[in-house]
Amino acid sequence: QKYRNNLHSDQYKKYPIYLDKNTEKMAVKLLEDTTDILEKNKIEYWLDGGTLLGAVRDKKLIPWDHDLDIGMKYTNDENIEKLINELRKKYEVKISTFSRMQSKWDLGKYRCIKVYAKKYFFSTNKLCLDIFVFYRELLECKGEIVYKYGVMYKDAYYPSDFLDELTTVSFYNRNYSAPLKYIDYLKRKYGDSWQTPKKDWSVIFEDKSLL
């Protein structure tokens, strides 16, 4: 338990913000603006992780979550670079790559696009939206096509039929893209107990999409 707590603390110590009532409006605006840009650039995206969980289970952002999550389908580097340039017109953007030390996969240049709300001219707010890049490829150990991605520098994936088709969910008076099988998607990540709120849920120990 001590080891678990130490690891969990180390992973999340960089994210002191929580999506509470004081940051909710800012978070919703960041989500709206980012999805506007994704839709403008005709990029297939969906609410992901805790943001999808909040939309489906709670109908609002989860108060103790530390960021927003979106998934997007990889097409080519050019489209991603265009997206990044569009995002940078309004927000601070940082790029996360795949770690050769921790990842078995070499999927491409982009693992995650981190979008920060600007607070002041020379600094950024701690509020962050993560756009995870999903690559539709063969999972060699199972011989099937899946959507591979990286989270916390670990390899993870979803079956292709979870993301080949998308639908929409209503969230803060707007329709957002979501996996067609979003219940199965949430079970895949959070397990059968996904409907039970869990404040100390850990990607490291409990994310069932990890390879």
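## Ground rules

The model is predicted, so local features need pLDDT of at least 70 and side-chain atom pairs count only at pLDDT 80 or more, while totals for chains, interfaces and linings use all residues. Residues are numbered from 1 along each chain as its sequence is written, and side-chain values use heavy atoms, with hydrogens and water left out.

## The nonpolar core

Start inside. The largest nonpolar core holds 63 residues. Such a core is a set of buried Ala, Val, Leu, Ile, Met, Phe, Trp, Tyr and Cys residues joined through side-chain atoms within 4.5 Å. Buried means under 20% relative accessible area; exposed means over 50%, and partly exposed lies in between (1.4 Å probe, protein chains only). Met 72, Ile 113 and Phe 134 have the most contacts inside this core. Strand 5, residues 123-139, gives the most to the core: eight residues. Helices (H or I, at least four residues) and strands (E, at least two) are DSSP runs, numbered from the N terminus.

Now look at Met 72. Leaving out residues up to four places away in sequence, Met 72 touches Ile 113 and Phe 134, among others. Its other partners include Tyr 45, Trp 46, Ile 80, Leu 83 and Ile 131. Contact here means heavy atoms within 4.5 Å.

How many residues of strand 2 are buried? Six of its six residues are, so far as the cut-off under 20% defines it. Strand 2 spans residues 68-73. Both of its faces are covered. Leu 68, Ile 70 and Met 72 are buried on one side. Asp 69, Gly 71 and Lys 73 are buried on the other.

Strand 1, residues 45-47, runs antiparallel to strand 2. Three bridges join the two. Two strands pair if DSSP finds at least two bridges between them. Trp 46 stands opposite Gly 71 in strand 2.

## Helix 5

Helix 5 covers residues 182-190. Its buried residues are Tyr 185, Leu 186, Lys 189 and Tyr 190. Seen down the helix axis, these buried residues fall within an arc of 105°, so they line one face of helix 5. The arc is that of the directions from the helix axis to the C-beta atoms. Gly 191 follows helix 5, and its phi is positive, near 90°.

Tyr 172 is partly exposed, at 24% relative accessibility. Asn 173 is exposed, with a relative accessible area of 85%.

## Salt bridges

The structure holds 16 salt bridges. Each is a side-chain nitrogen of Lys or Arg within 4 Å of a carboxyl oxygen of Asp or Glu. Lys 29 and Asp 33 form one of them, at 2.7 Å from N to O. Both lie in helix 2 (residues 24-40), four residues apart, about one turn of the helix. Lys 29 is partly exposed at 40%, while Asp 33 is buried at 9%. Lys 29, Asp 33 and Lys 90 are linked in a network of salt bridges.

Glu 140 meets Lys 148 at 3.5 Å, N to O. Glu 140 is exposed at 57%, but Lys 148 is buried at 1%. Lys 198 meets Glu 206 at 2.4 Å, N to O. Lys 198 is partly exposed at 39%, and Glu 206 is buried at 15%.

## Cysteines

A disulfide is a covalent bond between the sulfur atoms of two cysteines. Here the rule is a pair of cysteine sulfur atoms within 2.5 Å. By this rule the model has zero disulfides. For Cys 128, the nearest cysteine sulfur is that of Cys 112, 6.9 Å away. Is Cys 128 buried or exposed? Cys 128 is buried, at 0% relative accessibility. Cys 141, in contrast, is exposed at 62%.
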